[in-house]
Amino acid sequence: MNIALLDVDFTDVLLIIIALLLVVIVAYIVSNGWLYTRSRRRTENLEDKPAKIITVISCKNNDYTIEREFQEGDFIGKVADKCPKCGAEMIISKIYTIPLESGQKPYKQSSR
Amino acid sequence: MWLNMIVASTILSTAMQIDWNSILTLIFWALFFLYFFTDLPQKAQFMRYERGVFLRLAVIEGLVKESIAKVKSYLARLGLANADKIIDSSLENYFAIEPVSIEPTDIIKRLDHIISTNEDKFKRDLERFAQNIDRDRLNNIAASLAVTSALYTVFKILRHYYLLGKKFENWILMMQLYLLLPQLIKELMPYVKAVETFVKGVPIGDSAGPIVAFKLAGLAPRIDIEEDTVYSVVEIEGRKVYVVKARGPGATVGKPGKAVAKIAEMLNCNVARIITVDAALKLEGEPTGLVAEGSGAAIGDVGPEKIEIERTAVKCGAPLDAVIIKMSSEEAIKPISKEIVDGTEKAYQVVLDIIRNRTKPGDNVIVVGIGNTVGVY
Ligand SMILES: [Zn+2]
């Protein structure tokens, strides 16, 4: 039994070691590549996260505020409609973007 | 039958064993020589880099084309004919040559002269091209053309180094490009978005300064003082506050430095304090919208405007405060985010605190909202 074990050809052992190394290297490269594309996809998702632009319009007397989607021509300081509560002028006070949560419709381009 | 097969396989395996051995040795030595005594590895690496750079350059070229298309469709929407001509001319022309710097006398004046000549030329050409377009839209067109031209310039320079590296097989150059391009692409992406933003007139991160100015001035009348620059006078707890900003809501940064100098002159240097508010670059890891306060002129131009503010402050002996709202370079040109809007509210409170605590009633205070005023009145 012992003799038979010792009798194993040395090149066979070498071959097995080389084959094992190859398998390990290939596995490493494949897993690396997979992780790379996965992380890449994740950052790309972050990058292209659809965003919605919100316009906040508030009354001069601070008693009424509405939020709606941004329309072309909006700017901070634009005088919009009359306040439904007190009839004073309403002014666009804020414009900002918020990332869209999944399930919501992506930002639509305003009518041309 | 069975015996036959076993015999055959033994013969085969012994034959294979001999073959494997010599083949392996041969391959090993061949690889050894190729690897250590030839340039093959470098050549292979060079080819890989060259391929990678080529593909990434194609991505950047795509970005340039995309932004050109966006500007073109905007010009078409405004009903302007021969848009191609103005886009082509603005892509290649309007470069500015830095003045001689080994002779420092007057260097700022010369730099300022060159910059304003160039801007004037650009605006005049645009006006001639778009005759019945109002000033705000004209500024939007100018800003989107400037962004497109900047993108194109970056592409041209990268292409230059790529072709040089390829021509002379300079693998160090190619390697640098290969390593640099992914980051550059990530930084250039927002520029394409910026074109769209300017076209629509949405405030960007850099509009933080003008937004703070708007919070101070409200709808008080805007008085023209310099090209594309206005000021409003408001009273805050007994102080006369001169709020300076670029003329909105078009996309422009105006000339805030010269405006400050003019106002100080108008007030016979009777200025208690000058406060500049601007967006500033954050370090990686810092939160967006962080507000910080320091001293100096918070303005990121090449020099002429900043030096005007500093000189005015020194001349009038007025302390110079800087309030900054931090954001990344991407966020500065993207549509303004909620965090930055919250930051502007904090910055507004900081400015009010400075006015309350460091000036006396009856003082004149100049507050300058630095930045692109797109989408802000
Ligand atoms: Zn109301």
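These legends walk you through close-up views of a predicted model. Residues are numbered from 1 along each chain as its sequence is written, chains are lettered from A and ligands numbered from 1 in the order in which they are written. Local features need pLDDT of at least 70 and side-chain atom pairs count only at pLDDT 80 or more, while totals for chains, interfaces and linings use all residues; side-chain values use heavy atoms, with hydrogens and water left out.

**View 1. Chain A and its elements.** Chain A has two helices and four strands, where helices (H or I, at least four residues) and strands (E, at least two) are DSSP runs numbered from the N terminus. Chain A has 112 residues, of which 21% count as buried; buried means under 20% relative accessible area, exposed over 50%, and partly exposed in between (1.4 Å probe, protein chains only). Among contacts (heavy atoms within 4.5 Å) in chain A between residues at least 6 apart in sequence, 50% join residues at least 24 apart.

View 2. A:Cys83 counts as buried because its relative accessibility is 4%, whereas A:Cys86, at 36%, counts as partly exposed.

**View 3. The largest nonpolar core, in chain B.** A nonpolar core is a set of buried Ala, Val, Leu, Ile, Met, Phe, Trp, Tyr and Cys residues joined through side-chain atoms within 4.5 Å. The largest one has 48 residues, and those with the most contacts inside it are B:Leu75, B:Ile87, B:Leu126, B:Leu145 and B:Phe198. Two or more residues each come from α2 (40-77), α3 (83-92), α4 (107-129), α5 (135-167) and α6 (171-200) of chain B. Apart from this core lies another, of 46 residues, among them B:Val234, B:Ala279, B:Val365 and B:Val367. In soluble globular proteins, nonpolar side chains tend to be buried together.

**View 4. B:Val367 and its neighbours.** Look for B:Val367 in strand β7 (residues 364-369) of chain B. B:Val367 counts as buried because its relative accessible area is 1%. B:Ile275 is 92 residues away along the chain, yet the C-alpha atoms of B:Val367 and B:Ile275 are separated by 4.7 Å. Leaving aside neighbours within four places in sequence, B:Val367 has contacts that include B:Leu216, B:Tyr242, B:Val277 and B:Ile355.

View 5. The domain assignment gives domain 1 (40-200) and domain 2 (205-369) of chain B, with bounds from an automatic or database domain assignment. Their centres, taken over C-alpha atoms, are 29 Å apart. In this view, 19 residues of domain 1 are in contact with 18 residues of domain 2. The area buried between them is about 1,600 Å², with 58% from carbon and sulfur atoms; buried area is the accessible area (1.4 Å probe) that two parts lose on being put together, summed over both.
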